[in-house]
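Subject: Structure handover

Hello,

Here is the structure I said I would pass on. My notes on it follow below.

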Amino acid sequence: MNTLIQRILSSNAGIATLALRIPVGIIFAAHGAQKLFGWFGGYGLEGTGQWMASIGLQPGYLMALMAGSAEFFGGLALLIGLLVRPAAVVLAFAMLVAIFSVHIGNGLFMSNNGYEFGLALLAISVSLAISGGGRLALDNRLAAMYR
């Protein structure tokens with residue numbers, strides 16, 4: 001069990017992942033806050049849930065809660081470098097759902113509500129899932145406890 005925990009937490013990626021974690025963590029946390037709390041011009045759980053139900057993601061309220069929580073808490077996890085790999089996997093899954101349930105039919109470009117932004121976030125999430133949080137992540141302190 002300790003070996004699995006160490007593999008999840010350890011990262012030899014250096015500090016380069018910080019350039020991904022910080023801006024993407026902010027983006028995800030802000031989008032999650034829109035869904036959960038209605039911050040930054042969002043619709044909160046009720047409004048987001050109604051919209052999700054309208055596009056076939058049922059039950060809408062639960063889907064909004066799950067997507068908002070994944071984005072908000074996953075974004076915070078990326079920001080502080082805590083449980084980066086699990087958070088990145090959850091965020092990658094959320095981006096796959098967003099791309100294929102909302103954006104794919106609109107083509108690539110954001111100007112048409114396409115999937116280019118979701119694809120970029122998906123790629124960064126997959127990269128972080130593979131590399132881990134890097135040298136400047138709290139994960140390293142946790143990993144040291146399991147050595």
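In which helix does threonine 3 lie? Threonine 3 lies in helix H1; helices (H or I, at least four residues) and strands (E, at least two) are DSSP runs, numbered from the N terminus. This is a predicted model, in which local features need pLDDT of at least 70 and side-chain atom pairs count only at pLDDT 80 or more, while totals for chains, interfaces and linings use all residues. Residues are numbered from 1 along each chain as its sequence is written, and side-chain values use heavy atoms, with hydrogens and water left out.

Threonine 3 has a relative accessibility of 57% and so counts as exposed. For these classes, buried means under 20% relative accessible area, exposed over 50%, and partly exposed in between (1.4 Å probe, protein chains only). The C-alpha atoms of threonine 3 and arginine 147 are 8.7 Å apart, although 144 residues separate the two along the chain.

Annotated spans

The unreviewed UniProt entry carries the annotation "transmembrane region" for residues 12-33, 61-80, 87-105 and 117-138. UniProt positions are given in the numbering used here, feature names are shortened, and annotations may be inferred rather than shown by experiment. In the model, residues 12-33 are 73% helix and 0% strand, with 31 Å between the end C-alpha atoms. Residues 61-80 are 100% helix and 0% strand, and their end C-alpha atoms lie 28 Å apart.

The salt bridge

How many salt bridges does the structure hold? The structure holds one, where a salt bridge is a side-chain nitrogen of Lys or Arg within 4 Å of a carboxyl oxygen of Asp or Glu. Its partners are lysine 35 and glutamate 71, at 2.9 Å from N to O. The pair links distant parts of the chain, with lysine 35 in helix H2 (residues 18-37) and glutamate 71 in helix H4 (residues 60-80), 36 residues apart. Both lysine 35 and glutamate 71 are buried. Side chains of opposite charge can pair when their charged atoms come close.

Alanine 29 is also in helix H2, and at 9% relative accessibility it counts as buried. Leaving aside residues up to four places away in sequence, alanine 29 touches Glu71, Phe72, Gly75 and Leu76; contact means heavy atoms within 4.5 Å. The C-alpha atoms of alanine 29 and glycine 41, 12 residues apart along the chain, are separated by 14 Å. Alanine 30 lies in helix H2 too, but is partly exposed, at 26% relative accessibility. Between the C-alpha atoms of alanine 30 and arginine 85, 55 residues apart along the chain, there are 20 Å.

H2 against H3

The axes of H2 and helix H3 (residues 44-54) come within 5 Å and cross at roughly 95°. That makes H2 roughly perpendicular to H3. Axes are lines fitted to C-alpha atoms, for helices over the stretch in contact, and angles run from 0 to 180 degrees between N-to-C directions. Angles under 35 degrees count as roughly parallel, over 145 as roughly antiparallel, 65 to 115 as roughly perpendicular and the rest as oblique.

On the H2 side the contact is made by Gln34, Lys35, Leu36 and Phe37, which meet Gly44, Leu45, Thr48 and Met52 in H3. By class, the contact of H2 with H3 has four nonpolar, three polar and one charged residues. Here Ala, Val, Leu, Ile, Met, Phe, Trp, Tyr, Cys and Pro count as nonpolar, Asp, Glu, Lys and Arg as charged, and the others, Gly among them, as polar.

Is glycine 44 buried or exposed? Glycine 44 counts as buried, at 8% relative accessibility. Its C-alpha atom is 9.9 Å from that of tyrosine 61, 17 residues away in sequence.

Helix H5

The buried residues of helix H5 (residues 84-103) include Val84, Arg85, Leu91, Met95, Ile99 and His103. Among the elements that cover the buried residues of H5 are helix H1 (2-9), H2, H4, helix H6 (116-131) and helix H7 (139-145).

Backbone in the loops

Phenylalanine 40, in the loop between H2 and H3, has a positive phi of about 55° although it is not a glycine. Phenylalanine 40 is exposed, with a relative accessible area of 61%. Asparagine 113, in the loop between H5 and H6, also has a positive phi, near 60°, and is partly exposed at 40%. A cis peptide bond joins glutamine 58 and proline 59, with omega about -15°; proline 59 lies in the loop between H3 and H4.

Regards
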